[in-house]
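These notebook entries record what I looked up in the structure. I begin with backbone angles and then turn to a sheet.

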Amino acid sequence: MAEDSGVLPDHEIIALAEAGAIRTDLPLDDGQVQPASLDLRLAEDAYRLRASFLPGKERTVAEMLQEPGIHMHRIDLTKEGAVLETGCVYLVPLQEHLRLPPGIAARANPKSSTGRIDVFTRLVTNRSRAFDEVPMGYSGPLYLEVSPRTFPIMVRPGDRLAQIRFKRKRPETLKEKVVSIDLEVKGDQPVGWRAKHHSGIVDLRGIGAHEASQFWEPVWPRDGRIVLNPEEFYILVSRETVKVAPSEAAEMAPIAPELGEFRAHYAGFFDPGFGMNSGGSRAVLEVRSRDVPFILEHGQPVAKLIYESMASKPQGLYGGKGSNYQGQGLKLSKHFA
């Protein structure tokens, strides 16, 4: 009997690892396998790049790194970790390697906590002409391009900044849903947060260890509107709740040009079970305007969710142990108290 197409759930991801299709430098960590994705772990070094690159169909990433002028220096992450600075581009080998069977492809995305601190990540593979996409049957190492935009970050081997979702053939697109922005003041709560510049280092392992007021300032609307300043970073929230059934997975399109000249989301994966709690969960939006100031109004459409079919039902659903954002409203990343 033919296997069902769709996004692979947790038990099928584990089966891929047991079959050698996912190979790791170290055994998988507890909680690394999510209901419909696998967290990816940094390895032991990083390369400070002169500029971002794709290797193209004829070259490996290792071959590119040997070419003059591609990278500026290598950074050891093993001693006490290392600080990755804002405005710089780094390439970090990952602990996971792939040997995908025919018919299985993959796609990567920043984790939610990565996107909420304005760290831009993209997956790079050998002989690739597109970021974040892993073609069917790919065999080779994985690398993560990392670019902190607002806050410098402290990283160490094993830190998880991105996740990968495996797909068998072409999953069925079940539906699309447009979400809008919530700019209605509720009590004494702001409608969003704007990142402060020159605020200090975010330690990725410092869960709840950073004082929010040192990194963020509240955003208040005027007449139901806010103005996005060019190239500043905002945390906002959707007006609607988002629900993802156990039989589906969702991804938010990071840029929908027809909805406005801004980026509404960095981390786009929503796992099965998200928002199935009593009261539902909102989508937190990581927003950056492009080039010119942009006015947002309460209820304005800002992003698009695309729902795809799961190949089978996951054994675990989002909202269990290690799920930081179930039932969320306007919420900063887990690093902030």
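Entry 1. I located Glu-231 in the loop between β18 (225-228) and β19 (233-242). I took helices (H or I, at least four residues) and strands (E, at least two) as DSSP runs, numbered from the N terminus. The model is a predicted one, in which local features need pLDDT of at least 70 and side-chain atom pairs count only at pLDDT 80 or more, while totals for chains, interfaces and linings use all residues. Residues are numbered from 1 along each chain as its sequence is written, and side-chain values use heavy atoms, with hydrogens and water left out.

Entry 2. I read a positive phi for Glu-231, near 60°, in a residue other than glycine. Its relative accessible area is 35%, so I list Glu-231 as partly exposed (buried means under 20% relative accessible area, exposed over 50%, partly exposed in between; 1.4 Å probe, protein chains only).

Entry 3. I found that Asp-118, also not a glycine, has a positive phi of about 60°. Asp-118 sits in the loop between α3 (112-115) and β9 (119-125). Its relative accessibility is 0%, so I record Asp-118 as buried.

Entry 4. I traced an open sheet of four strands, ordered β14-β25-β20-β22, with antiparallel pairing (two strands pair if DSSP finds at least two bridges between them). β14 (173-180) and β22 (269-270) are the edge strands; each has a single partner strand, so one side of each lacks a neighbour in the sheet.

Entry 5. I checked the contact of β20 (residues 248-253) with β22: two bridges join these antiparallel strands. I noted Phe-269 in β22 as the bridge partner of Glu-251.
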